[in-house]
Amino acid sequence: MTVVWTIVGIVVFFLGILFSVAWHELGHFATAKWFGIKVPEFFVGFGRTIWSRRVGETEFGFKAIPLGGYIRMIGMLPPARGELYGRSRRTGPFQGLIDDARQASAMDVGPEDAERQFYTRRPWKRIIVMAAGPVMNLILAVVLFAIVLMGFGRLTATSTVSSVSQCVLPATAARTDVCPPGAPLTPAAAAGFQPGDRIVSFDGRTYDTWADMQRAIRAATGTVSVVVDRGGQQVTLTPTLITTELPSLDDQNTTVQASFLGLSPLQEVQRQGIGAVGSTMVDIVGQVGQKLVEMPQRVPNLFGAVFLGQERDQDSPVGIVGASRIGGEILASDAPPGQEISAFLMLLALVNISLFLFNLLPIPPLDGGQIFPAIWEAIRRRFAALRGRPDPGPVDAAKLMPVAMTVALIFIGWSALVFVADVINPVKLG
């Protein structure tokens with residue numbers, strides 16, 4: 001059954017990614033139609049068309065390579081300034097590429113569609129159209145996080161004691177249930193803490209979360225008073241804290257000197273409020289953004305994982321194949337069904353946050369590569385109006401096509417490297 005659930009998880013998660021792609025393109029499509037831009041095509045996938053149906057003026061369908069999607073709006077690029085103002089065409093090493101891009105942009109533009117082209121819309125409308133796709137991914141991520149946190153709940157450390165450590169060991173020592181000879185008792189064990197005790201107050205103060213209490217424990221010194229609820233009765237314990245080497249709360253890969261009590265909290269699945277959804281989203285967006293910035297640093301590890309047989313980092317970037325494979329592992333795990341579904345939806349939410357941030361990068365051919373020229377155009381027009389000069393016209397985004405082609409080639413190479421790594425040396429759940 002494990003194999004069956006793994007396959008089911010892979011397929012379902014892959015379909016979830018395709019839905020995320022279609023949802024992204026729906027944002028572009030809906031806003032483009034809202035502003036009167038003609039959209040001849042709406043496809044999920046690339047390559048040969050395997051199914052399509054025309055609804056009105058738009059052909060909807062699926063293509064053979066399910067690694068993305070697109071909508072095609074007419075007039076994405078403005079005509080050359082020579083065509084607009086009657087001057088001769090320019091020449092240059094990339095002029096053929098630029099001209100081909102203009103011709104593709106002008107496909108399906110008939111005389112009746114002259115005013116329905118993308119470039120003819122005011123900059124703020126173009127910004128909305130191009131930002132709508134990533135924003136749709138962000139909205140989907142918020143919905144998924146809300147379902148998980150408010151519906152299923154999150155595994156949360158509580159103020160109830162789960163276990164009491166019997167002796168003090170260095171942070172770098174191997175974990176063991178047997179105390180070595182001569183190892184001192186932990187303050188919690190010496191003070192008489194028991195599993196099931198609920199900490200009411202620590203050093204005269206109450207705390208809403210275990211994380212806050214944990215920081216208070218590490219910051220305290222000497223003998224402190226701890227009130228616990230034990231079987232309905234309040235008991236006061238007076239442990240004498242010691243200073244030892246502990247993993248940092250901010251970076252688990254480093255250690256710090258801090259006060260130590262010696263107990264572990266009980267973990268419970270608790271439903272969260274809307275505030276937790278917002279704070280979690282802010283934290284996750286920041287973490288994913290940092291990972292995107294660090295992507296170039298991941299190339300050596302990916303290369304080693306593919307060609308040199310090196311171990312692949314757990315935080316290594318993954319593609320559609322790798323993410324789907326992890327989704328399969330989640331459904332095939334031995335965790336309770338609620339936790340499996342929660343982890344599955346959280347992973348899909350992370351994919352959507354990645355799509356949101358990645359597509360906003362101000363480089364063509366990403367959505368941000370169209371947003372940035374529109375912003376620059378609005379600035380130019382505003383300055384021209386303030387100085388009493390004529391409208392400078394649309395920014396010629398076609399000149400960015402060499403950059404777009406270079407970025408596309410880099411992205412294809414990166415995607416191929418990640419794809420091979422996901423197949424032969426995948427990231428697996430710990």
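**Helix H8 and beyond**

Author: Asn301 is found in helix H8, residues 299-307, where helices (H or I, at least four residues) and strands (E, at least two) are DSSP runs numbered from the N terminus. Please keep in mind that this is a predicted model, in which local features need pLDDT of at least 70 and side-chain atom pairs count only at pLDDT 80 or more, while totals for chains, interfaces and linings use all residues. Residues are numbered from 1 along each chain as its sequence is written, and side-chain values use heavy atoms, with hydrogens and water left out.

Reader: Is Asn301 buried or exposed?
Author: Asn301 counts as buried, because its relative accessibility is 15%, and buried means under 20% relative accessible area, exposed over 50% and partly exposed in between, with a 1.4 Å probe and protein chains only.

Reader: And what is Asn301 in contact with, leaving aside neighbours within four places in sequence?
Author: With those neighbours left aside, Asn301 is in contact with Glu311, Arg312, Asp313 and Ser316, contact meaning heavy atoms within 4.5 Å.

Reader: Which other parts of H8 are buried, and what do they pack against?
Author: Besides Asn301, the buried residues in H8 are Leu302, Gly304, Ala305 and Val306, and the buried residues of H8 pack against helix H12 (401-424). H8 is then followed by Gly309, which has a positive phi near 70 degrees.

Reader: Changing topic, how many cavities of 30 Å³ or more does a search of the whole structure find?
Author: The search finds one, and the largest cavity has a volume of about 80 Å³. A cavity here is a set of points, on a 1 Å grid over the protein atoms alone, where a 1.4 Å probe fits but cannot get out, and lining residues have an atom within 4 Å of a point. Grid points are joined across faces, edges and corners, and the volume is the space filled by probe spheres set on the points.

Reader: What lines the largest cavity?
Author: Its lining includes Met76, Phe118, Tyr119, Arg126, Gln370 and Glu377, and helix H11 (residues 368-386) gives the most to that lining, with four residues. The lining residues divide into nine nonpolar, one polar and two charged, with Ala, Val, Leu, Ile, Met, Phe, Trp, Tyr, Cys and Pro counted as nonpolar, Asp, Glu, Lys and Arg as charged, and the others, Gly among them, as polar.

Reader: Which residue other than glycine has a positive phi?
Author: Asp203 does, with phi near 55 degrees, and Asp203 lies in the loop between strand S4 (198-202) and helix H6 (210-219). Asp203 is partly exposed, with a relative accessible area of 45%.

Reader: What about Gly262, where does it lie?
Author: Gly262 lies in the loop between strand S8 (255-260) and strand S9 (263-270), and Gly262 is buried, with a relative accessible area of 5%. Not counting residues up to four places away in sequence, Gly262 touches Val164, Ser165, Thr186 and Ala188.

How values were computed: On a 1 Å grid over the protein atoms alone, a cavity is a set of points where a 1.4 Å probe fits but cannot get out, and a pocket is an open set with protein on both sides within 12 Å along at least five of seven lines; lining residues have an atom within 4 Å of a point.
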